Amino acid sequence: KNEVEQSPQNLTAQEGEFITINCSYSVGISALHWLQQHPGGGIVSLFMLSSGKKKHGRLIATINIQEKHSSLHITASHPRDSAVYICAAGRTNKLIFGTGTLLAVQP
Amino acid sequence: DVKVTQSSRYLVKRTGEKVFLECVQDMDHENMFWYRQDPGLGLRLIYFSYDVKMKEKGDIPEGYSVSREKKERFSLILESASTNQTSMYLCASRTPESPLHFGNGTRLTVT
């Protein structure tokens with residue numbers, strides 16, 4: 001069993017739909033990170049959180065420390081949200097990365 | 001805005017060559033990292049550095065070494081490149097309290 005697991009691995013949605021990507025981890029953490037990677041592009045950090053909930057535009061990230069689970073939500077999805085979303089958990093210098101969720105939002 | 005710059009976007013090298021991958025960040029971050037990204041495996045940590053001349057092994061250091069002579073620059077060295085080192089290499093930097101900032105990556109092919 002991987003220390004950081006994401007689900008689903010692949011997700012196709014219609015424009016406007018509400019999207020949820022899940023991340024479960026078994027390691028101790030100082031923070032959990034959500035990252036976005038566009039095809040051929042670099043990786044951008046979306047959120048770093050250690051408790052509760054954070055919101056940035058149409059993106060919301062939540063974390064439940066007791067259950068060792070985090071979710072990334074995208075409201076009113078748009079084709080430009082199509083990317084790989086990666087969860088990473090661990091201590092400051094030693095993060096464990098999930099294998100990513102490939103999201104395709106169709107117009 | 002933080003900028004992490006990797007010296008090459010694409011690189012093709014022959015088996016046995018010594019390969020240098022360079023990374024420079026402009027935000028005075030203490031911590032710098034080298035990862036490799038392979039399909040189905042996610043990002044894996046090769047080495048990280050928390051200060052000048054300080055380094056620690058990550059999860060997959062075999063076949064690699066690093067150098068950090070200046071705070072802004074972190075180099076990854078493949079002493080003798082092998083075909084199983086064909087991969088996407090990503091450099092990142094951060095402070096202990098900040099998110100990771102990634103470079104655009106170097107796609108290395110070893111033939």
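This is a predicted model: local features need pLDDT of at least 70, side-chain atom pairs count only at pLDDT 80 or more; totals for chains, interfaces and linings use all residues.
Let me start with the place where the two chains meet, to which chain B contributes 24 residues and chain A contributes 18 residues. As general background, the size of an interface is often given as the accessible area lost when the parts come together. For chain B and chain A that buried area is about 1,600 Å², and carbon and sulfur atoms give 57% of it. If you ask how many residue pairs are in polar contact across this interface, the rule finds two, both at pLDDT 80 or more, while for salt bridges between chain B and chain A the rule finds zero.

Which elements of chain B give two or more residues to the side that touches chain A? They are three strands, namely β4 (31-38), β5 (42-51) and β9 (87-94) of chain B, and the largest share, five residues, comes from β5(B). Sorted by class, this side of chain B holds twelve nonpolar, seven polar and five charged residues.

Now let us turn to the cores. The largest nonpolar core has 23 residues, and within this core A:Leu32 and A:Trp34 touch the most other members. Several strands of chain A each supply at least two residues of this core, and among them are β3 (19-25), β4 (31-37), β5 (43-49) and β9 (83-91). Another core, of 20 residues, lies apart from that one, and its members include B:Cys23, B:Cys91, B:Leu108 and B:Val110.

A:Lys68 belongs to the loop between β7 and β8 of chain A, whereas A:Ala76 belongs to the loop between β8 and β9 of chain A. Are these residues buried, exposed or partly exposed? A:Lys68 has a relative accessible area of 32%, so it counts as partly exposed, and A:Ala76, at 45% relative accessibility, is partly exposed as well.

Note on methods
Residues are numbered from 1 along each chain as its sequence is written. Chains are lettered from A and ligands numbered from 1 in the order in which they are written. Side-chain values use heavy atoms; hydrogens and water are left out. Contact means heavy atoms within 4.5 Å. Buried area is the accessible area (1.4 Å probe) that two parts lose on being put together, summed over both. A salt bridge is a side-chain nitrogen of Lys or Arg within 4 Å of a carboxyl oxygen of Asp or Glu. A polar contact is a pair of N or O atoms within 3.5 Å; within protein, one must be able to donate a hydrogen and the other to accept it, and residues adjacent in sequence count only if both atoms are side-chain atoms. Helices (H or I, at least four residues) and strands (E, at least two) are DSSP runs, numbered from the N terminus. Ala, Val, Leu, Ile, Met, Phe, Trp, Tyr, Cys and Pro count as nonpolar, Asp, Glu, Lys and Arg as charged, and the others, Gly among them, as polar. A nonpolar core is a set of buried Ala, Val, Leu, Ile, Met, Phe, Trp, Tyr and Cys residues joined through side-chain atoms within 4.5 Å. Buried means under 20% relative accessible area, exposed over 50%, partly exposed in between (1.4 Å probe, protein chains only).
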